[in-house]
Amino acid sequence: MTTQRVSVLKTYKLFIAGAFPRSESGRSYVVTDAKGNFVANASRASRKDVRDSVSAARKAFGGWSQRTAYNRGQILYRIAEMLEGRRSQFVDELRATGAAKATAGAEVDAAIDRWIWYAGWADKIGAVAGSANPVSGPYFNFSTPEPTGVVGVIAPDSPLLGLVSVIAPAIVSGNTCVAVSESPLPAITLAEVLATSDLPGGVVNILTGQVAELAPWLASHMDVNALDLAGAPADLVTSLERAAADNLKRVLRPAETDWTADPGTGRIMAFLETKTVWHPVGI
């Protein structure tokens, strides 16, 4: 007698503090492919999940920001290595969203290269953003960049490359982040890569669900220091900026972006603070 094996279906959970919990609300939603066929169930995050993610990001900030820039670069490079090893899985998931095979492959390759790009900037951004300032008097005056804190990220429509392009520049300088994505397949598979790549738990937290539901709570949270509204719907941007103003968050407004283009250093710079130090000469 022969038996037919039943496939183990994957549930795409949230990524909080380095773990993969279901939403505290118990909610989920069905993910379908481009033809409307069932692919998976995904957790639908709640306001409580936003709070838990921000708390995890804050706890991770001290240790992550104090690591050497060289070590952070090593970890980002390790993420690229792990993503390369799961390339075929990412291609399959992007194809399920409707991308052609060649297009999906190109996006995965670009996402891998994007991690390496930002890994290379980890120990160089200080020299670009900092300076030794001329002063009149027996003093040295130095300006050095520091991470701003916890960054809330609204992921763009580009489900993998766009997501990588907003997470990597936020964390490379020592920030931690909470990202909200409406594309659970590549987002949570990316979280699995992060969880196995030496990145400390809580540095990146990824929530899946509805941006319209989660973004206002993220924007108004008093322990979030900055917002990247890359994927925020146009009708929400103004209200999110108003919510963010309660504790003077840095806000990076959405703009038309070609995620395949040279990213430059603008997104790294957006979430840096400048500390200026005076020191007497000869002491």
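Two residues are in contact here when they have heavy atoms within 4.5 Å of each other. Keep that in mind for the tour. You are looking at a predicted model, where local features need pLDDT of at least 70, side-chain atom pairs count only at pLDDT 80 or more, and totals for chains, interfaces and linings use all residues. Residues are numbered from 1 along each chain as its sequence is written, and side-chain values use heavy atoms, with hydrogens and water left out.

**Stop 1: the sheet**

Helices (H or I, at least four residues) and strands (E, at least two) are DSSP runs, numbered from the N terminus. Two strands pair if DSSP finds at least two bridges between them. Select the open sheet of 5 strands: the order is S8-S7-S6-S9-S10, and the pairing is parallel. At its edges are S8 (204-208) and S10 (250-252), each of which pairs on one side only.

Now pick S6 (residues 150-154) and S9 (residues 226-228), which pair in the parallel sense over 3 bridges. Zoom in on Gly152, and you will find Leu227 of S9 opposite. Next, show helix H6 (residues 161-171): this helix packs on the sheet and touches S6, S7, S8 and S9.

**Stop 2: the core**

A nonpolar core is a set of buried Ala, Val, Leu, Ile, Met, Phe, Trp, Tyr and Cys residues joined through side-chain atoms within 4.5 Å. Buried means under 20% relative accessible area, exposed over 50%, and partly exposed in between (1.4 Å probe, protein chains only). The largest nonpolar core has 59 residues, and those with the most contacts inside it include Trp115, Ile167 and Ile206. H6 supplies the largest share of this core, 8 residues.

Click on Ile206. Leaving aside neighbours within four places in sequence, Ile206 is in contact with Leu14, Phe15, Ile167, Ala179, Ala187, Ile188, Ala191 and Leu194.

**Stop 3: Ser165**

Select Ser165, in helix H6. Is Ser165 buried or exposed? Its relative accessibility is 2%, so Ser165 counts as buried. Its side chain reaches the backbone oxygen of Leu161 at 2.7 Å.

**Stop 4: Thr260**

Finally, go to Thr260, in the loop between S10 and helix H10 (266-269). Thr260 counts as exposed because its relative accessibility is 60%. Thr260 and Leu161 are 99 residues apart in sequence, yet 7.8 Å apart in space, C-alpha to C-alpha. Not counting residues up to four places away in sequence, Thr260 touches Arg114 and Leu161.

Methods:
Axes fitted to C-alpha atoms, helices over the stretch in contact; angles between N-to-C directions. Polar contact = N/O pair within 3.5 Å; in protein donor to acceptor, adjacent residues only side chain to side chain.
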